[in-house]
Amino acid sequence: MSADTDAVKPSSASAPRAGSPVLKLEDVHKLFGDNHVLKGVDLTVDAHEVVVVIGASGSGKSTLMRTINLIEQVDDGRILLSGDDITEVRVDVDRVRARIGVVFQHFNLFPHMSVIDNVTLAARQVHKVPAAQARARGVELLTRFGLGEKVDTYPDQLSGGQQQRVAIVRAILTDPELLLLDEITSALDPMLVGEVLDLVRSLKDGGSTILMATHEMHFARSVADRVVFMHQGRILEEGPPEQIFGAPREAATQEFLARIMQR
Ligand SMILES: Nc1ncnc2c1ncn2[C@@H]1O[C@H](COP(=O)(O)OP(=O)(O)OP(=O)(O)O)[C@@H](O)[C@H]1O
Ligand SMILES: [Mg+2]
């Protein structure tokens, strides 16, 4: 591990409780009307583990991510974050979200705010980190990830890849227990995908705990500790990347991989 990635290790303040996985889903169901989108998902993500979710469009990957971030309410089952039941009715949604770093497909940076203000907003407003301290941390991380010159510019002056890297820096600034990355490269020009994936790889090397949905199979294969194949709202198969990509057991997994690898 290089000294470079040390500062993105989870701090002791956000270190997962001994004995509990960072994330545990137990028999999670989600319906939209009569569309039963998640049909009993069980999933565990351990500390420092990178779990990559693959599966056809509509299989439920984003819905799964959104239930973890409490954007969608589960209809049955429960979700534990470092042992805490976050699907319990009395839970403080904002406090849960403050423990999770999220990056989705569309960058969602605030256009009227500078890069550094975007990156430090949650730290200042939610975590009450003093502005100077938040700025110092933001500048440090932006510099580490090749964005040192962009600290005081605005999102529309950045490429898509740079914007997405800023969104990742924003997500990691407060050392979240878990990072949720949903199709973070799918809106990007193919030329810009690599720089974003390189950043994810360095977060992995730094010890971050990551749950990521992607259509980038080569990346999934090289960075995942475990790959989860979702099919029609269920986890049909999971295992180390060598097994899922090299010797998938289920016919649906084989068909999906054959189709996506042809593209
Ligand atoms: N807010 C919503 N309201 C109603 N239906 C929804 C909503 N969000 C998702 N769905 C439905 O849930 C199903 C799963 O969608 P989801 O976005 O989770 O798939 P996905 O695996 O992320 O697909 P993709 O690879 O295209 O991103 C789809 O049938 C979708 O239409
Ligand atoms: Mg999706």
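Guide: Hi! One definition to begin: a crossing is right-handed if the near helix is turned clockwise from the far one by less than a right angle, and left-handed if anticlockwise. Helices (H or I, at least four residues) and strands (E, at least two) are DSSP runs, numbered from the N terminus.

Visitor: Thanks! What kind of model is this?
Guide: This is a predicted model, where local features need pLDDT of at least 70 and side-chain atom pairs count only at pLDDT 80 or more, while totals for chains, interfaces and linings use all residues. Residues are numbered from 1 along each chain as its sequence is written, chains are lettered from A and ligands numbered from 1 in the order in which they are written, and side-chain values use heavy atoms, with hydrogens and water left out.

Visitor: OK, at what angle do helix 4 and helix 5 cross?
Guide: Roughly 135°, with the axes of helix 4 (residues 131-144) and helix 5 (residues 160-172) coming within 10 Å. That makes helix 4 oblique to helix 5. Angles under 35 degrees count as roughly parallel, over 145 as roughly antiparallel, 65 to 115 as roughly perpendicular and the rest as oblique. Axes are lines fitted to C-alpha atoms, for helices over the stretch in contact, and angles run from 0 to 180 degrees between N-to-C directions.

Visitor: And is that crossing of helix 4 and helix 5 right-handed or left-handed?
Guide: The crossing of helix 4 and helix 5 is right-handed.

Visitor: Which residues meet there, in helix 4 and helix 5?
Guide: Helix 4 brings Arg137, Leu141 and Leu142, which meet Val166, Val169 and Ile172 of helix 5. Contact means heavy atoms within 4.5 Å. These residues divide into five nonpolar, no polar and one charged. Ala, Val, Leu, Ile, Met, Phe, Trp, Tyr, Cys and Pro count as nonpolar, Asp, Glu, Lys and Arg as charged, and the others, Gly among them, as polar.

Visitor: How do the axes of helix 5 and helix 6 cross?
Guide: They cross at roughly 20° and come within 8 Å. Helix 5 and helix 6 are therefore roughly parallel to each other. Helix 5 passes helix 6 in a right-handed crossing. Among the residues in contact are Gln162, Ile168 and Ile172 of helix 5, and Glu195, Val196 and Leu199 of helix 6. The residues of that contact divide into seven nonpolar, four polar and two charged.

Visitor: New topic! Where is Ala220 found?
Guide: Ala220 is in helix 7, and Ala220 is buried, with a relative accessible area of 0%. Not counting residues up to four places away in sequence, Ala220 touches Val52, Thr214, Val227, Pro241 and Phe245. The C-alpha atoms of Ala220 and Val53 are separated by 8.5 Å, though the two are 167 residues apart along the chain.

Methods
Buried means under 20% relative accessible area, exposed over 50%, partly exposed in between (1.4 Å probe, protein chains only).
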